[in-house]
Amino acid sequence: MINIAMFGFLGAIARYFCYVAVENRARQPKLATWFVNSAGSLMIGACLGADLPAASWVFGFLGAFTTFSTMALDSVKDFEDGQWKRGVFYISATLVSGLVLFAVGYSIASI
């Protein structure tokens, strides 16, 4: 349990730095959140496809690295602002890319 907590701490720090780097470059907070979630989905797929006994890595680091709660909050803000199409597109793009990249990571790692 301590390992998962330590890896979670490191994952949250990695998410912060990755988020800041993407947001500074693209100036789009939603793009930074989308990137972090997509990269995390790819890595989770790769870990599980390789059949690694990596609970600390997957549940700790990558669980803290990905941030679907931020995606949900951003979408709710869009809906509250009357930006329904943008909110639905953002949710759809995040879920589709997450599922596709998870499958890609899983497939590559299980070869």
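Which residues are buried in helix α3? In this predicted model, the buried residues of α3, which covers residues 55–65, are S56, V58, G60, F61, L62, A64 and F65. The cover over them includes α1 (2–26) and α2 (29–49).

Step back to the whole chain. There are 5 helices and 0 strands. Read from the N terminus, the order of elements is α-α-α-α-α. The radius of gyration is 15 Å, close to the 13 Å that the globule rule gives for 111 residues, so the chain is as compact as a globular protein of that length. The C-alpha trace spans about 45 × 30 × 25 Å along its principal axes.

Contacts across the sequence come next. Take the contacts in the chain with a separation of 6 or more: 70% of them join residues 24 or more positions apart. Of the 111 residues, 32% count as buried. The accessible surface comes to about 6900 Å². Carbon and sulfur atoms hold 72% of that surface. As for charge, the chain carries 7 positive and 6 negative side chains. The centres of these two sets lie 7 Å apart.

How far can the model be read? Mean pLDDT for the chain is 92, and 99% of the residues reach 70 or more. Confidence is lowest in α3, with a mean of 88. It is highest in helix α5 (residues 84–109), at 96. Where pLDDT is low, predicted coordinates should not be read in detail.

Return now to α3 and look at S56, which sits in that helix. S56 counts as buried because its relative accessible area is 19%, and the cut-off for burial is under 20%. Setting aside neighbours within four places in sequence, S56 is in contact with N3, I4, F7 and F61. Of the elements named above, α1 spans 2–26 and is part of the cover over the buried residues of α3.

Follow the chain past α3. T67 lies in the loop between α3 and α4 (68–80). Beyond its neighbours within four places in sequence, T67 is in contact with R15, T33, V36 and N37. V36 and T67 are 31 residues apart along the chain, yet their C-alpha atoms are separated by 7.4 Å.

T33 is found in helix α2. It is buried, at a relative accessible area of 0%. What does T33 contact, leaving aside neighbours within four places in sequence? The partners are Y19, T67, T70, M71, D74 and Y90.

Finally, turn to a residue in a contrasting setting. R27 is placed in the loop between α1 and α2. At 63% relative accessibility, R27 counts as exposed. Its backbone also stands out. Most residues other than glycine have a negative phi. In R27, a residue other than glycine, phi is positive, near 60 degrees.

Key
Residues numbered from 1 in each chain as written. Predicted model: local features only at pLDDT ≥ 70, side-chain atom pairs only at ≥ 80, totals over all residues. Heavy atoms only, no water. Helix = DSSP H or I, 4+ residues; strand = E, 2+ residues; numbered from the N terminus. Rg over C-alpha atoms; globule rule 2.2 N^0.38 Å. Buried < 20%, exposed > 50% of the residue type's maximum accessible area, 1.4 Å probe, protein only. Contact = heavy atoms within 4.5 Å. Areas by Shrake-Rupley, 256 points an atom, 1.4 Å probe, with all protein chains shown as cover. Lys, Arg positive; Asp, Glu negative; His and termini not counted. Charge placed at Lys NZ, Arg CZ, Asp CG, Glu CD. pLDDT = per-residue confidence, 0-100.
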